[in-house]
Amino acid sequence: MLQCLDAQSRLIFILGTMFRLDSRIAGEVLEMSPEAYRQRLSRTRKKMSEFLAAYCGLSGTGMCACGRRVNYA
């Protein structure tokens, strides 16, 4: 799922969503302003949401299709 993102967006998503890092700290780690980090995180979350809506059965039908998608990914 994370492969739909470029390397920096993947890092931003992991820091913000999984580790819930404060934007000041995450911005410092990534050498960007906290505002820029929050904007990139918002865009990345939207992209992940769109990806899930298009490819994840759980978001629409409630049936997981990962087993059929592994070879494609």
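Two packed helices are described by the angle between their axes and the distance between the axes. Here the axes of α1 and α3 cross at roughly 100 degrees and come within 9 Å. Each axis is a line fitted to C-alpha atoms over the stretch in contact, and angles between N-to-C directions run from 0 to 180 degrees.

Which residues of α1 and α3 meet? Gln8, Ser9, Ile12, Phe13, Leu15, Gly16 and Thr17 come from α1, and Tyr37, Arg40, Leu41, Thr44, Arg45 and Met48 come from α3. The residues of this contact divide into six nonpolar, five polar and two charged. Contact here means heavy atoms within 4.5 Å.

Let's step back to the whole protein. It has five helices and zero strands, giving the pattern α-α-α-α-α along the sequence. Helices are DSSP runs of H or I with at least four residues, strands are E runs of at least two, and both are numbered from the N terminus. Of the 73 residues in the protein, 23% are buried, where buried means under 20% relative accessible area, exposed over 50% and partly exposed in between, with a 1.4 Å probe and protein chains only. Among contacts with a separation of 6 or more, 50% join residues 24 or more positions apart.

Now follow α3 itself, residues 34-55. Its 22 residues should span 32 Å at 1.5 Å a residue, and its end C-alpha atoms are 31 Å apart, which agrees; the expected span is 1.5 Å times one less than the number of residues. The buried residues of α3 are Tyr37, Leu41, Thr44 and Met48. They cover an arc of only 70 degrees around the axis, which puts them on the same side of α3. The face turned away from this buried side carries the exposed residues Arg43, Lys46, Ala53 and Ala54. What covers the buried residues includes α1 (7-18) and α2 (23-29).

Thr44 has a relative accessible area of 4% and is buried. Leaving out residues up to four places away in sequence, Thr44 touches Leu5, Ser9, Ile12 and Phe13. Met48, at 3% relative accessibility, also counts as buried. The C-alpha atoms of Met48 and Met1 are 8.0 Å apart in space, although the two residues are 47 residues apart in sequence.

Apart from neighbours within four places in sequence, Leu30 is in contact with Leu11, Ile12, Leu15 and Tyr37.

A word on conventions: residues are numbered from 1 along each chain as its sequence is written, and side-chain values use heavy atoms, with hydrogens and water left out. As this is a predicted model, local features need pLDDT of at least 70 and side-chain atom pairs count only at pLDDT 80 or more, whereas totals for chains, interfaces and linings use all residues.

Terms used: Arc of directions from axis to C-beta. Nonpolar A, V, L, I, M, F, W, Y, C, P; charged D, E, K, R; others polar.
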